[in-house]
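Good morning, and thank you for coming. I would like to walk you through one structure, beginning with a pair of strands and moving on to charges, a helix and aromatic rings. Please have the display in view as we begin.

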Amino acid sequence: MKKVHVNTGKPYDIFIERGITENCGEYIRNVSKAKKAMIISDTNVSPIYGERVKKSLSEFGFDTFSFVFKAGEQSKRLDTVYSMYSELTDNGFTRSDIIVALGGGVTGDMAGFAAATYLRGIDFVQIPTSLLSQVDSSVGGKTGVDIPQGKNLVGAFWQPSAVLIDPDTLDTLTPHFFADGMGEVIKYGCIKSTELFDILESCDNIKSIIDDIIYRCVSIKRDVVERDETDKGERALLNFGHTLGHAIEKEHNFQEISHGQAVAVGMVMITKASEEKGISEKGTANRISELCIKYNLPVSDRISLESIVKSSFSDKKSTGSSISLVVLDRIGSSRIFSVKKADMFDFCNV
């Protein structure tokens, strides 16, 4: 087992252990005295892991309840969270009880937002089952939902009580969703770790070292989040590829293209632009592009640049007349670069 301690305003531990879903009740009991636990999951994950999580929670004295929503980004909206509130209220959940988020990034973001806002905040635990959620979204306390104007525009910072990562759950992922997670893995190499990027380039069997890859990504995010818990500075670097990526997702109506795929396209697009402007080291965009292709991720999209740029203006990193982009000086070294909205199309048009 690997453990990563996160020393935020509310400290917690991340446990990485194969089979941890089988005895998750023990870990959750160690961080909670709750009588009731609401397992929030989706229609893809609940049939696979719901019963074993419920069984383990019951063995450690939790009265368990379940809320299952239709899988997919399209469910990541306020009316789904309202339904969670109803389920919590109807079953008498109080501030002393706990939510267990069982699933991928959509589940974790929404369950976390429900936990942050129900009764002004109750505890929750993350059990991420997708690669993307294990390496990224389950860590750091960002919760939220999408609205028609953009992705994750409504949310709250609410740290979990614990994160339980079981790499065995990746065995049930389709190749598409494993590749989706690799988009975020590549991001971490780009912004913070030349060593990780080099490993990804040279590795012939990524699944054989995936436990270590998860640990490396989680450790990088932990370090950034500890220094900037509420996204006022350095944490913005974690959004490399996301400004254009989120715009691409929005232009596809959160269908057709998944988050990791959109981020991959966004990373390549912004690095081609920054390389053209002399910001990034020559050859950087090509290395990222080749790595994305190696891990079955797209590097371009059919949506026009004009539409992508226009949609990017509603991004959370947009302030006044400018938008903050994450650019690379070189692989492993990143920084924030501000561009006037009026100049954004010209900046990206290469």
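Predicted model: local features only at pLDDT ≥ 70, side-chain atom pairs only at ≥ 80, totals over all residues.

Residues are numbered from 1 along each chain as its sequence is written, and side-chain values use heavy atoms, with hydrogens and water left out.

Helices and strands here are DSSP runs, numbered from the N terminus: a helix is H or I with at least four residues, a strand is E with at least two. Two strands pair if DSSP finds at least two bridges between them. Strand β2 (residues 12–16) and strand β9 (residues 162–165) pair in the parallel sense over 4 bridges. On the other hand, β2 runs antiparallel to strand β1 (residues 2–6), and 5 bridges join these two. Within that pairing, H5 has D13 in β2 as its bridge partner. A stretch of 5 residues separates β1 from β2, and the two strands form a hairpin.

Is β2 enclosed or open? Of its 5 residues, 4 are buried, so β2 is largely enclosed by the rest of the structure. Buried means under 20% relative accessible area, exposed means over 50%, and partly exposed lies in between, with a 1.4 Å probe and protein chains only.

Let me turn to charges. A salt bridge is a side-chain nitrogen of Lys or Arg within 4 Å of a carboxyl oxygen of Asp or Glu, and the structure holds 23 of them. One of these joins D168 and R18, at 2.5 Å from N to O. D168 lies in the loop between β9 and α6, and R18 in the loop between β2 and α1, so this pair ties together parts that are 150 residues apart in sequence. Both side chains are partly exposed: D168 has a relative accessible area of 31%, and R18 has 39%.

R18 also meets the side chain of D211 in a salt bridge, at 2.7 Å from N to O. D211 belongs to helix α8 (residues 210–227), and the pair links parts of the chain 193 residues apart. D211, at 23% relative accessibility, counts as partly exposed.

A further salt bridge is formed by K76 and D146, with the closest N and O atoms 4.0 Å apart. Here the loop between β4 and α3, which holds K76, is linked to strand β7 (residues 142–147), which holds D146, across 70 residues. Are these two residues buried or exposed? Both K76 and D146 are buried. Salt bridges also link D136, E184, K187 and K221 in a network.

Next, helix α6. This helix has 18 residues and reaches 26 Å from its first C-alpha to its last, close to the 26 Å expected at 1.5 Å a residue; the expected span is 1.5 Å times one less than the number of residues. Of the 18 residues in α6, 14 are buried, and the helix is mostly covered.

I come now to aromatic rings. Rings of Phe, Tyr and Trp (its six-membered ring) pair if their centres lie within 6.5 Å; planes under 30 degrees apart count as stacked, over 60 as edge-to-face, and the rest as tilted. By this rule there are 4 aromatic pairs. In one of them, the ring centres of F65 and F93 are 5.5 Å apart and the planes lie at 75°, so the pair is edge-to-face. F65 lies in strand β4 and F93 in the loop between α3 and β5, so parts 28 residues apart in sequence are tied together. F65 counts as partly exposed at 23% relative accessibility, whereas F93, at 3%, counts as buried.

The rings of Y82 and Y85 have centres 6.3 Å apart and planes at 40°, so this pair is tilted. Both tyrosines lie in helix α3, 3 residues apart, about one turn of the helix. Y82 is partly exposed, with a relative accessible area of 49%.

T80 counts as buried at 10% relative accessibility. Leaving aside residues up to four places away in sequence, T80 touches F67, F69, S75 and M110, where contact means heavy atoms within 4.5 Å.
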